Every structure is written in structure tokens, then in C-alpha cells.
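Hi everyone, thanks for coming. Let's take a short walk through a structure that may be new to you.

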Amino acid sequence: MGELEFKEYIKKLTVWMYVSFGVWIFIICIQFIIGTTTLLFGYGFTTLLLMIYNIVGSIKYFKNIQIISKFSTKEDARQLVKYFEKTITPCWIFMFLNLIFGGFIGFVGNLIDLIIAYNVRGNKGMLLMPSNDDVTIIEE
């Protein structure tokens, strides 16, 4: 994958990351509404704690989107693959926790994150393969 193709891939990847970010903001809004309306019953406290956890995670994720959107080198590609490979296991864990405890929207949010991570992992060979731009031909 050459530099131009890598930049195009990063553009598409960051669009999907922004979609995921939007889903998580929607989840946070729903958690706020449910948390504040059910606070009197005790259930809302847990929902508001999860909302705070998701706010912190969303802020970190937004910062990562900003960093990834500027990636353009092979070293950046290695960091990209490493970052997304590390997210696969936590995505599976939280996706099933959301499914078990009825957090369908959280399940969808984790599913989108998982699809993004597997997309990067599936393109690992192309991302890390030396391109024609990286090869120096020595003429005698």
C-alpha cells in the first residue's frame, strides 16, 4: 500500500470512527435520560456511573481519531494495527456484557468498534507491506 492509498484508507477509517463516536454520544445521551429519570429508584445511579465511564472513553476515542487522521507513514501504519489489535478483546467482552444486561445500543456501539478493528486487522498485510515508495533501486 503506497502513501496515497494509505491516506485514502485513513480517511475512510476515520469516517467510520466518527460514526462510532456518534453512536457513543447517542448512548451517553440515553444513559443521561434513563439515569436521571430512574435515579429515585436506585437504578439511575449505576446508569449515570456508566455514562461517566462512556464520556471518559469517548473523549479518549475522539483524541485517538484526531491522531489517526494525521497518520501517513509506515510507522504510523504499525501503530494503527497495534492500536486496533489491542481493542479487539475488550470490544468482545463489553459487547457481550451489553447483550446480557440488555444494553442493545451499547452492543451496537461495540459491534461497530469491533468491525472497525477487524477491518484494520484484515488489512494488516497491505498496511505493513513495503510499497514501491519504500523500495530504493540501486543502479550500477
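**Surface, core and pocket**

Let's start with Leu97, which counts as partly exposed because its relative accessibility is 35%; that class sits between buried, under 20% relative accessible area, and exposed, over 50% (1.4 Å probe, protein chains only). Leu97 lies in helix α3, where a helix is a DSSP run of H or I with at least four residues, numbered from the N terminus.

Before I go on: this is a predicted model, where local features need pLDDT of at least 70 and side-chain atom pairs pLDDT 80 or more, while totals for chains, interfaces and linings use all residues. Residues are numbered from 1 along each chain as its sequence is written, and side-chain values use heavy atoms, leaving out hydrogens and water.

Now, buried or exposed: what is Ile65? Ile65 is buried, as its relative accessible area is 0%. You'll find Ile65 in helix α2. Between Ile65 and Met17 there are 48 residues in sequence, yet their C-alpha atoms are 6.8 Å apart in space.

Next, the largest pocket, with a volume of about 1,200 Å³. Of its 36 lining residues, Trp24, Tyr53, Asn54, Asn98 and Asn110 are the closest to its centre. A pocket here is an open set of points on a 1 Å grid where a 1.4 Å probe fits, with protein on both sides within 12 Å along at least five of seven lines; lining residues have an atom within 4 Å of a point. The volume is the space filled by probe spheres set on the points, which are joined across faces, edges and corners.

Which helix gives the largest share of that lining? That's α2, with 12 residues.

Note on methods: Helix = DSSP H or I, 4+ residues; strand = E, 2+ residues; numbered from the N terminus.
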